[in-house]
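Hi there,

Here is the structure I promised to pass along. Have a look at it first, and then read on for my notes below.

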Amino acid sequence: GDIRLTKNRAIAIAFVSLLMGILASLVGIGGDTMLSPLLLGLGLLPEVVAASAGVLVLINAFAASLQFAMVGEVPWDYALWCAGIGVVASLLGQLLIDKGGWSQQRGRFRRPSSLVFLIGVVVILSAILMLVLGALPIIQRWSSGNIKQLFLFDSLCDGDIF
């Protein structure tokens with residue numbers, strides 16, 4: 001499960017990781033979505049990849065939340081609802097893994113491939129949702145006949161900041 005590094009392989013991994021970080025930040029997804037397949041391809045154990053992805057998500061989410069809290073832009077009622085749903089979904093997911101036979105210690109599959117399958121499903125669903133959510137504004141503009149506005153960038157601000 002360990003990576004065997006040579007000088008050339010280390011340089012290649014650093015370059016690919018930098019490229020993935022840039023692409024992830026431009027697209028607006030967490031780096032774990034792009035880094036997990038790379039780590040699996042390098043031969044890391046799926047348990048290590050899943051744990052690494054979880055730590056990356058935790059760090060990214062905490063940093064973003066902290067930034068919003070520091071400028072007073074956290075809608076606390078919405079944040080508490082999301083936190084509650086996240087806790088319930090985590091508990092249900094853990095229950096599904098334990099009782100559904102996906103657990104590696106006591107499940108009926110007891111294979112790392114089941115964890116790889118779950119990571120793959122999450123990555124594929126993320127890609128599909130990004131495609132759909134990116135295409136919806138374009139489809140709405142097309143159907144409204146607003147062809148000139150079709151591929152223009154929308155403003156990130158609502159106008160009352162500047």
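Starting at the N terminus, the elements of the protein run α-α-α-α-α. That comes to five helices and zero strands. Please keep in mind that this is a predicted model.

First, some overall numbers. The protein has 162 residues, and 13% of them count as buried. Among contacts with a separation of 6 or more, 37% are between residues 24 or more positions apart.

Next, helix α3, which covers residues 46-70. Its 25 residues reach 36 Å from the first C-alpha to the last, close to the 36 Å expected at 1.5 Å a residue. Pro46, Val49 and Ala53 are buried in α3. After this helix comes Gly72, which has a positive phi near 70°.

Leaving aside residues up to four places away in sequence, Ser36 touches Val49, Ala53 and Ile119. Ser36 has a relative accessible area of 5%, so it counts as buried.

Finally, the surface. Phe117, Val121, Ile124, Leu125, Ile128, Leu129, Val132, Leu133, Leu136 and Ile139 form a nonpolar patch there, with about 930 Å² of accessible area together. One of them, Leu125, lies in helix α5 (residues 112-143). Leu125 is partly exposed, because its relative accessible area of 49% falls between the 20% and 50% cut-offs.

Happy to go through any of this with you.

Best wishes

How values were computed
Residues are numbered from 1 along each chain as its sequence is written. This is a predicted model: local features need pLDDT of at least 70, side-chain atom pairs count only at pLDDT 80 or more; totals for chains, interfaces and linings use all residues. Side-chain values use heavy atoms; hydrogens and water are left out. Patches are made of residues with over 30% relative accessible area and no salt bridge: like charges are joined within 9 Å, nonpolar side chains (Val, Leu, Ile, Met, Phe, Trp, Tyr) within 5 Å. Accessible areas come from the Shrake-Rupley method with a 1.4 Å probe; for residues, only the protein chains shown count as cover. A salt bridge is a side-chain nitrogen of Lys or Arg within 4 Å of a carboxyl oxygen of Asp or Glu. Helices (H or I, at least four residues) and strands (E, at least two) are DSSP runs, numbered from the N terminus. Buried means under 20% relative accessible area, exposed over 50%, partly exposed in between (1.4 Å probe, protein chains only). Contact means heavy atoms within 4.5 Å. The expected span of a helix is 1.5 Å times one less than its number of residues.
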